[in-house]
Amino acid sequence: IHKTLKVDLKLKNKLDEKTYNFFKIISEVALKLKMKAYAVGGMVRDLVMDMPIKDIDIVIEGNAIIFAKEFANIIEGKLIAHNEFKTASVIKDGEKIDFATARQEYYDEVSSGLPHVEESSLKLDLYRRDFTINTLAISLNESFGELIDYFGGMKDIKDKKIRILHNLSFIEDPTRVLRALRFAEKFNFLLGQQTEKLMKNALDLGVLNTVSKNRLFLELNLILKEEKVVEILGRINDYKIFKYLHKEFYIDESCFALIESAKDFVKMCTFFCPVTFKIEAIYFSILKFCFRKKFNLISVLGIIDDKMEKIYQQMLQINVFLSKKRKKSEVYFFLKPMPLEAQIAAFSITRSSFVKDALISHIRDLQSTKPFISGKDLIVLGLKPSTAFGKILSDCFERQIEGDFANKQEAIDYVKNKYLN
Ligand code: CTP
């Protein structure tokens with residue numbers, strides 16, 4: 001028997017001011033439109049676990065698109081509606097709030113394509129979800145800020161358990177197998193006994209081969225983005241999950257070592273390069289590299305994303321290029337246009353310390369290197385602007401990369417000696 005626990009979450013203390021105000025406005029819109037609104041999903045889970053919250057997901061008992069339109073008007077946000085799914089997003093100052101019509105999803109046939117959507121109540125909506133820990137909701141109605149826990153999510157959070165809600169959960173959506181292990185490792189939870197049993201049964205039934213490859217790939221991406229990527233992949237290994245996709249798909253110690261090395265290098269890079277990069281592309285390239293002699297990871301996962309393939313190819317090119325002795329400037333100009341992801345992956349898969357050193361120095365020092373002198377400096381020196389400028393500047397920059405000058409003055413002296421006689 002499920003009952004609503006009367007827990008006041010004291011939202012004002014837990015949320016930042018902006019989110020709290022959004023919730024207040026949503027509550028006013030709900031009253032005005034005579035609809036009911038609830039915050040749901042990962043955000044509520046993270047909130048009650050005192051973890052930083054990410055996206056805001058709102059479920060509406062009523063038409064979510066009409067609701068979102070009204071909300072967007074008030075906060076002067078941008079509305080993106082998906083009529084087919086009865087969902088809408090409102091974007092304001094880079095923040096996104098998703099609105100969904102409370103719905104009961106069902107699938108045409110197991111694991112195929114997109115869900116049909118029917119209007120229904122919050123409880124049914126939550127019942128369709130993956131794990132109890134993700135079924136918590138916060139009322140944004142009369143009892144503003146009250147926690148709604150129909151399926152024992154709070155108890156499972158307390159007991160540190162990942163539990164599905166009904167026996168067919170993994171069959172209905174096989175990507176939940178990967179989600180279960182991702183959440184378990186992320187939060188340091190265990191799978192419930194029954195959940196683990198049903199997961200193994202589903203795997204033995206071959207469910208992973210029935211799910212669309214793209215969805216599988218998206219779940220793998222989420223895993224590769226997690227801080228605990230190594231631990232999650234380790235769990236996936238324990239259950240031999242990838243073997244259901246290909247008999248030789250098992251991550252061995254040497255592959256884990258490459259991933260670990262990438263992880264350490266990524267830490268260094270984030271410290272030195274304030275640029276954002278797709279960490280999942282790095283790990284993906286490494287995984288593909290590990291299995292290259294056995295099978296093509298791209299076709300096993302049926303990936304349509306050719307950016308991933310490109311980074312993999314660039315990673316290989318970098319290693320081939322750096323395996324020969326090169327001048328510093330050659331390395332610089334070769335690596336400059338290469339995505340950081342490919343450089344980091346190349347660092348991780350190589351055993352050559354020369355290659356490693358070249359990549360470290362490029363990423364740490366050279367990536368942000370600016371030429372000491374510009375065209376303006378040449379004019380100040382008395383040179384007349386001409387096509388020769390490009391040649392002089394690139395000559396100077398090459399010398400700079402080679403380490404011939406330590407500062408701007410030395411570069412200017414070089415120009416004077418060579419070009420001003
Ligand atoms: N969901 C599900 N089955 C899936 C994917 C998602 O039931 N295969 C449900 C989950 O209950 C989840 C909600 O949809 O809470 C939103 O999904 P998502 O945004 O992917 O996950 P979050 O729970 O928000 O978790 P996180 O963002 O931390 O991965």
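Which of the 15 residues around the ligand come nearest? I looked it up, keeping in mind that this is a predicted model. The nearest are Arg45, Asp130, Asp173, Arg176 and Arg182.

Entry: I found an oxygen atom of the ligand 3.0 Å from an N or O atom in the side chain of Arg182. Lys54 has a side-chain N or O atom 3.1 Å from a ligand oxygen. With Thr175, a nitrogen atom of the ligand takes part, and the distance to a side-chain N or O atom is 3.4 Å. I also checked the cover: the ligand taken alone exposes 560 Å², and the protein buries 76% of that.

Entry: where the shell comes from. Helix 3 (42-48) and helix 8 (175-187) each give at least two residues to the shell around the ligand. Helix 8 has the largest share, with six residues.

Entry: helix 21. I moved on to residues 408-419, a helix of 12 residues. From first C-alpha to last, helix 21 reaches 16 Å, close to the 16 Å expected at 1.5 Å a residue.

Which residues of helix 21 are buried? I noted Ala411, Ile412, Tyr414 and Val415. They sit on the same side of helix 21, because they cover an arc of only 155° around the axis. What do these buried residues pack against? I got two partners, helix 19 (375-380) and helix 20 (388-402).

How values were computed
Residues are numbered from 1 along each chain as its sequence is written. This is a predicted model: local features need pLDDT of at least 70, side-chain atom pairs count only at pLDDT 80 or more; totals for chains, interfaces and linings use all residues. Side-chain values use heavy atoms; hydrogens and water are left out. Helices (H or I, at least four residues) and strands (E, at least two) are DSSP runs, numbered from the N terminus. The expected span of a helix is 1.5 Å times one less than its number of residues. Buried means under 20% relative accessible area, exposed over 50%, partly exposed in between (1.4 Å probe, protein chains only). The arc is that of the directions from the helix axis to the C-beta atoms. Contact means heavy atoms within 4.5 Å. A residue is near a molecule or strand if one of its heavy atoms lies within 4 Å of it. A polar contact is a pair of N or O atoms within 3.5 Å; within protein, one must be able to donate a hydrogen and the other to accept it, and residues adjacent in sequence count only if both atoms are side-chain atoms. Accessible areas come from the Shrake-Rupley method with a 1.4 Å probe; for residues, only the protein chains shown count as cover.
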